[in-house]
Every structure is written in C-alpha cells, then in structure tokens.
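Here is a short briefing on charged side-chain pairs.

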Amino acid sequence: MRTPAAAPVLFLAASALLGGCSQPGNQNTPAPAPRPSTGGTSPACDLITPEIAAKVVPGIMPAGQNSSDRPPGSKAYLCTYSSKSMDGGITALSVALTSPASSQDISTAKSAPGCSPVTGIGDFACLQWTGYFRGEAGGASANVVLTAVRGDETLEMPYVTSAPTNGAPAPDGDAMARALAQAAVDAGWGNGTPLGVPAAPAS
C-alpha cells in the first residue's frame, strides 16, 4: 500500500486504528515559514474544517492531530478526523497541507504512482485507491488518497475505512473519491472548471 510521502506523521492515527504504516520524514529539510491559522488550530484543519469533513463522512469528528505547528519531521501541517460505528467499523480522514511547498514537494506530489487525474481542482489533482480496492490480502483497509497542487501548496487527503467484515457492506470507492474531491472544492481548491472524478478500480 502506498503511504503518502508528504505526510510522515499523517497516518499514525490511521495506523493505530487500522494497521496502516508510515514512512519517516526528511528531518534534514528546513521547515517552510508557517501559514497563518485561526485560533491556534492547524492550517490543515482550517482548510478541511470539521463541517467539510462531516460532509465526507457523516459523524466524523476531530481525532487529536490539530496543532498550529508542524509535527517533528513533517513538512506538512496535519489534521485528522475519525469515526467508529458498529456496522461500518473505523473510518479515518487525514489532511496534510504543505504551504509553501518546495519545487521538489510539488514534483513528488505530481509523480504519485498509480494516481488517476482529477479535473476541477487546483493546478493538478489525482486520486489513488489502495488496500481493499487493489485486492491486497490480510483484511486490508479500503484506502483512497487525493493529492493536489495549487500554486506553492500541496494537499494530501487519505480516506481510510475498514474492509468489510461479518456481512458489512463493501466500501464504495467511487463515493469515497467523489467526497474527497468535493471536499477540496468546498475548501476553495476548485479551479473554476467542472469537477471530474475517475472511477474506482474493481475490488
């Protein structure tokens, strides 16, 4: 499963909840200047607000990663949300906002492997499905990642939900992808052209 490179701490919450993994951040890269935030919250949470997150996953709530400072080793401001239900299991929505992003950060975002183009968001956007949607074994979670670039900012939004168990309905990769893409537009990352979201692969 691909773990977003722009967010070394981003998947820690999802990892604890769903058994994901993360890659270490580059500790040698100087941190960019902080982006203004409101009320001491993370700029990532100011962008994808609780109200926007709740449109993606009804009932989802902030899950602790919400600081106006970047976590140690991370270039990105982070924000995490999660929800838990008896039927749907655990769901996590993470947000990594790098602002300003270096040319290398932007190049890395645009070269995400297996990422299908999205229209209508920023200067570049793509979606990637992993885990359950790619037939990974061992009860892999169902993962959708939106990666976007706008000017000198990058945005990465992994949406992770439990794979179906005990007769629970299968995760809908198309709906997950549309919700993520719409959240980016609601957050002001639309570029004025129609939103076009690719179809998820067959599970």
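Asp105 is buried, at 17% relative accessible area (buried is under 20%, exposed over 50%, partly exposed in between; 1.4 Å probe, protein chains only). This is a predicted model: local features need pLDDT of at least 70, side-chain atom pairs count only at pLDDT 80 or more, and totals for chains, interfaces and linings use all residues. Residues are numbered from 1 along each chain as its sequence is written, and side-chain values use heavy atoms, with hydrogens and water left out.

**Salt bridge of Asp105**
- Asp105 pairs with Lys75 in a salt bridge, 2.7 Å from N to O (a side-chain nitrogen of Lys or Arg within 4 Å of a carboxyl oxygen of Asp or Glu).
- Lys75 sits in the loop between strand E1 (61–66) and strand E2 (77–85), and Asp105 in helix H4 (residues 103–110), 30 residues apart. Helices (H or I, at least four residues) and strands (E, at least two) are DSSP runs, numbered from the N terminus.
- Lys75 is partly exposed at 22%.

- Lys55 and Asp186 form a salt bridge, with their closest N and O atoms 3.8 Å apart.
- Lys55 belongs to helix H3 (residues 50–56) and Asp186 to helix H5 (residues 173–189), so the pair ties together parts 131 residues apart in sequence.
- Lys55 is exposed at 61% relative accessible area, while Asp186 is partly exposed at 35%.

**Salt bridge of Arg150**
- Arg150 bridges to Glu153, the closest N and O atoms lying 2.9 Å apart.
- Arg150 is partly exposed at 28%; Glu153 is buried at 7%.

**Total**
- The structure holds three salt bridges.
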